Amino acid sequence: MNTKPMLTAVAAALFSLGACVSAQAADLSTCTTCHSNITKAHAGAAHKDIACTSCHSGVDQHLKKVTDRPTVNMDPATCGGCHQAQYKSLYKDDGRAARQSKKAPNGPAPDPFFDRALGAHGFTVEHDLPRAHVWMAIDQFIVDRAFGGRFEPKDGWLYATLDGGKSYKVWDVLKDNYPDNNAQKVHKPGTAAAANAVCWSCKSTDVMMDWAYLGDKVEGAQFSRSSNPVDVVRKVNHAINCNFCHDPHTAQPRVVRDALIDAVTRDDKSVPNVYRDVAAHPTKLDVKDVGVRGFTRKVAYMDKADSNLMCAQCHVEYICNPGFDAKTGAKIGFDSRLTNHFPFVNADEIEQYYDKIGFRD
């Protein structure tokens, strides 16, 4: 009796429940026809004994009709089935209170000049101290400056009592008060609608496969820099997925944030670059186009784990807004790649850099 399909199904079920398993690898002979680069790397890697069905569902239908793509499981809890210590530490709560304003009398920015310095940006509506990674999607969706009061916790302020040590699905905790429309606007007094489609890039990889390199608007990519942010975040359910920094097929360290990949691969020697000019022994990067849906999508694989680059996917000075050219006054909108851009220069060079590229926000 052929027990391989049964074993594979059981292994997938156990993995989805969070159990650490060493499963018989799925039969990749059919997949190899189209995905030879992935199946070859997977066969000799740390995850070689993890079945494809641990992270992909709808495979049978995909084999019958190739245009019906399988579903990709982005839930970090799947990785936590084996990597429990790393999973718990990544989603550990730092104990900081929710919605603790930087502008509070005992905060770091109580000076009234703070609002003037930020101009008309939505940050002047609510500018909170950051909390742990576990809350980075939930907090962003409900902050008063982002979506105009559209999203709220299902249980009100009780959400602030949730413990860390695990990842939370956004839509288990939050609700959309206006599910009948997708208007990105102010819905409640005292709020702003300053979020845009680029914002999600540092929060989650849930829609990564539907996003072309740098968020370009191209055929086949569902989302772009100019997409309605409400449409984007409705498909985001997890914060800081493990696959930001680890390839799920091989466990190889990597970075996926497109603006960082763009920054470290710039070859314009007239513009300073921290990665090229400051790092004593820069990590070697192998940038590959992994787009298989008809558009470019890049991933940078590292020869060794480098937290400087992994964390720099989000913790950098960045542009994610429309702006203008200071010299000409011309508006710069989301049609420009400058609205998804990492300068990647030292602080004392930042003004010179913005002069060079012609951008102000």
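# Getting to know this predicted model

Q: Which residues line the second largest cavity?
A: Let's start inside this predicted model. The second largest cavity holds about 40 Å³. The residues that line the second largest cavity are Met209, Val290, Gly291, Val292, Arg293, Phe295 and Arg297.

Q: How does the lining of the second largest cavity divide into nonpolar, polar and charged residues?
A: Gly291 is part of this lining, and Gly counts as polar here. Arg293 and Arg297 are also in the lining, and Arg counts as charged. The division is 4 nonpolar, 1 polar and 2 charged.

Q: What volume does the largest cavity have?
A: Searching the whole structure turns up 2 cavities of 30 Å³ or more. The space in the largest cavity comes to about 170 Å³.

Q: Which residues lie nearest the centre of the largest cavity?
A: The lining of the largest cavity is made of 16 residues, divided into 9 nonpolar, 3 polar and 4 charged. Nearest the centre are Met208, Trp211, Val256, Arg257 and Asp258.

Q: Which residues are closest to the centre of the second largest pocket?
A: Now for an open space: the second largest pocket has a volume of about 1500 Å³. Its lining takes in 42 residues. Closest to the centre are Phe123, His127, Arg145, Lys203 and Tyr318.

Q: Which helix gives the most to the lining of the second largest pocket?
A: The lining of this pocket divides into 23 nonpolar, 8 polar and 11 charged residues. The protein has 13 helices and 9 strands. With 3 residues in the lining, the one that gives the most is helix 7.

Q: Is Asp144 buried, partly exposed or exposed?
A: Asp144 sits in the loop between helix 7 (138–142) and strand 3 (151–153). Its relative accessible area is 25%. Buried would need under 20% and exposed over 50%, so Asp144 counts as partly exposed.

Q: Which residues does Asp144 touch, not counting those up to four places away in sequence?
A: Asp128 is 16 residues from Asp144 along the chain, and their C-alpha atoms are separated by 10.0 Å. A contact calls for heavy atoms within 4.5 Å. By that rule Asp144 touches Arg99, Val125, Glu126, Gly190, Thr191 and Ala192.

Q: Which residues are in contact with Ala251, leaving aside neighbours within four places in sequence?
A: Ala251 lies in the loop between helix 9 (229–233) and strand 5 (254–255). At 29% relative accessibility, Ala251 is partly exposed. Its contacts are Ala46, His47 and His246.

Q: How far apart in space are Ala251 and Gln140, C-alpha to C-alpha?
A: Along the sequence, Ala251 and Gln140 are 111 residues apart. In space, the distance between their C-alpha atoms is 29 Å.

Q: What radius of gyration does the protein have?
A: Let's step back to the whole protein. Its C-alpha atoms fill a box of roughly 75 × 55 × 40 Å along the principal axes. A compact globule with 361 residues would have a radius of gyration near 21 Å, which agrees with the protein's 22 Å.

Q: What percentage of the residues of the protein count as buried?
A: The protein exposes about 19200 Å², and carbon and sulfur atoms supply 54% of that area. To count as buried, a residue must have under 20% relative accessible area. Of the 361 residues, the buried share is 42%.

How values were computed:
Residues numbered from 1 in each chain as written. Predicted model: local features only at pLDDT ≥ 70, side-chain atom pairs only at ≥ 80, totals over all residues. Heavy atoms only, no water. 1 Å grid on protein atoms, 1.4 Å probe; cavity = no way out; pocket = protein on both sides within 12 Å on 5 of 7 lines; lining within 4 Å. Points joined across faces, edges and corners; volume = space filled by probe spheres on them. Helix = DSSP H or I, 4+ residues; strand = E, 2+ residues; numbered from the N terminus. Rg over C-alpha atoms; globule rule 2.2 N^0.38 Å. Buried < 20%, exposed > 50% of the residue type's maximum accessible area, 1.4 Å probe, protein only. Areas by Shrake-Rupley, 256 points an atom, 1.4 Å probe, with all protein chains shown as cover.
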